[in-house]
Amino acid sequence: VREEALTKRIAQEMSRESLNSRILLFLESLKRLTLEDRSTGKKRDIRRVKLGDGLCELQETTEEGVSKERWVVFSSHLLDVPDNVRSDWFTKNWDRDKARHRAVSIAFKLTEKGDLEVVQGTLHMGVFSYLPVREEHSRLKFLVHADFLTSIGRTRLHEEAPWNEWLAKEVLTLVEKEAESLLNHLEWKRNAMTVLWPQDSEASDFFAVHVERPLVDHLRNEVKLPAYDGTKVTPPQALYIDDPEMCKVVSPADLERLYGRKPLEQGVEVPSVRLGPDIVQRMPVLPLFLSYPQGEELLTDKAAKRDIPFFKLLYKSLASIDWASSIYRRTLPSYSRVVLAGDWTVARPQDVFFRPQQMPQAVEAKFKFVHPDIANDEGSRRFLALLDVKELSQTQIKEAMVQGVVPEIRKTWVTAQVPWAMKGRAGGVRL
């Protein structure tokens with residue numbers, strides 16, 4: 001009975017739930033591991049195949065078939081253990097006082113196409129006697145390995161051990177260093193920030209305090225992100241554009257001039273965060289941008305430069321929005337100056353008209369009209385119609401003529417009638 005219970009216990013420890021194939025990522029001297037339960041006939045064959053440049057593939061074969069995972073592993077080897085750490089009581093109690101060097105590693109999962117992939121991070125404990133001691137979950141989206149000391153029961157990191165604090169610091173240093181490598185990589189830079197950013201949490205455990213929070217601070221303030229012009233920029237100096245229509249219409253150089261920040265390289269992602277402010281200032285979507293002072297400044301500048309192609313592209317892009325169900329339909333007509341007028345200014349939709357085919361010259365100066373190049377462009381005209389820009393009506397023309405003619409008639413009438421009035425009344429002029 002005792003042997004049967006022991007056999008079941010060993011079988012449980014050999015299961016995927018207890019022994020993950022990913023331990024081979026960090027055991028450099030072990031390339032293959034075969035586990036066989038003869039009582040059930042189940043067998044696991046795990047291999048690590050090196051692919052070069054830190055890349056490797058884990059291959060696990062079971063009765064269910066073959067599964068493969070591709071990873072990139074970064075390590076810091078031969079880290080000198082500080083004297084004050086080696087002489088600490090915790091270190092001696094765990095027989096680490098004779099250790100002169102240690103290594104830490106991090107591993108990022110890759111998709112079949114070779115892109116970075118988010119995974120739930122785990123801390124693989126450092127005591128490897130063929131089997132890991134235990135796994136502790138973290139909020140990281142990649143794997144971390146170091147020879148951490150565990151508390152009683154081997155379920156948590158020992159929070160008071162200087163040895164663990166030192167290793168956590170080395171892990172953080174390694175992550176910060178390799179963050180630059182990921183953000184410089186042609187493919188990995190696209191979602192590197194998403195993978196590096198820990199899951200939003202208010203946890204206050206050892207790993208949160210010593211690794212996750214300092215990493216968040218580094219990613220908010222110091223990490224170098226690729227900008228649109230090939231330079232590097234820190235998050236406080238960057239501008240993030242995730243609206244594809246904005247990217248089509250407004251150039252990064254114009255946005256840098258308007259905001260004093262460098263837009264990031266197109267395609268580089270910055271994750272949204274639940275706790276705290278945005279990592280990088282986010283550009284509003286195109287219609288809302290046009291309602292901001294920077295948007296009006298840009299359109300005014302483009303009008304002054306007589307940039308007709310810009311306005312045609314702008315209206316074409318805006319026309320792709322579902323205005324019937326969009327809040328932007330109410331935003332733009334209310335106060336945004338977005339319509340290029342014939343006098344090379346930008347006007348609000350309710351203040352400008354399409355020019356009618358026939359109109360008295362005397363009335364023309366009393367109204368602002370859509371620029372003829374825009375009015376004659378079918379796509380632009382169709383969009384401006386969505387903003388309720390209308391053709392000047394005959395009724396409006398007649399009202400303008402009346403308003404303009406009556407004062408002139410009155411002025412003429414007064415001048416012409418003075419002699420007559422003087423003749424008719426000796427006492428003076430009566431109007």
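I call a residue buried when its relative accessible area is under 20%, exposed when that area is over 50%, and partly exposed in between, with a 1.4 Å probe and protein chains only.

**Entry 1: what I am looking at**

I note that this is a predicted model, in which local features need pLDDT of at least 70 and side-chain atom pairs count only at pLDDT 80 or more, while totals for chains, interfaces and linings use all residues. Residues are numbered from 1 along each chain as its sequence is written, and side-chain values use heavy atoms, with hydrogens and water left out.

I looked up the confidence next, where pLDDT is the predictor's confidence in each residue, from 0 to 100. The protein averages a pLDDT of 84, and 81% of the residues score at least 70. Residues 125–133 have a pLDDT below 50, yet beyond near neighbours in sequence this stretch has 23 contacts in the model, a contact being heavy atoms within 4.5 Å. I also marked residues 406–431, where pLDDT stays under 50 and the model has seven contacts beyond four places in sequence.

**Entry 2: aromatic rings**

Rings of Phe, Tyr and Trp (its six-membered ring) pair if their centres lie within 6.5 Å; planes under 30 degrees apart count as stacked, over 60 as edge-to-face and the rest as tilted. By this rule I have 11 aromatic pairs.

W89 and F90 make an edge-to-face pair, at 5.1 Å centre to centre and with 75 degrees between the planes.

I then looked for charges over rings, which requires NZ of Lys or CZ of Arg within 6 Å of the ring centre and within 35 degrees of the ring normal. K302 lies over the face of F310, at 5.3 Å from the ring centre, and the charged end of R355 sits over the ring of F369, 4.7 Å from its centre.

**Entry 3: strands**

Two strands pair if DSSP finds at least two bridges between them.

Strand β1 (residues 32–37) runs antiparallel to strand β2 (residues 42–52), and six bridges join them; the bridge partner of T34 in β2 is D45. The β1 and β2 hairpin has four residues between its strands, and G41 in the turn has a positive phi of about 80 degrees. Seven bridges join β2 to strand β3 (residues 55–62), again antiparallel, and V49 stands opposite E57 in β3. The β2 and β3 hairpin has two residues between its strands, with D53 in the turn at a positive phi of about 55 degrees.

In which order do the three strands of the open sheet lie? The order is β13-β12-β14, with parallel pairing. Both β13 (262–263) and β14 (281–282) stand at the edges with a single partner strand each, so one side of each is left without a neighbour in the sheet. Strand β12 (residues 238–240) is joined to β14 by two bridges, and L239 has Q281 as its bridge partner in β14.

**Entry 4: single residues in loops**

T234 lies in the loop between β11 (232–233) and β12, and T234 is buried, with a relative accessible area of 13%. Leaving aside neighbours within four places in sequence, T234 is in contact with N221, E222, V223 and K224.

I looked up phi as well, knowing that most residues other than glycine have a negative phi. D95 has a positive phi, near 55 degrees, lies in the loop between α3 (89–93) and β5 (101–110), and is exposed at 65% relative accessible area. D388 also has a positive phi, near 70 degrees; D388 lies in the loop between α15 (378–386) and α16 (394–424) and is partly exposed, at 43%.
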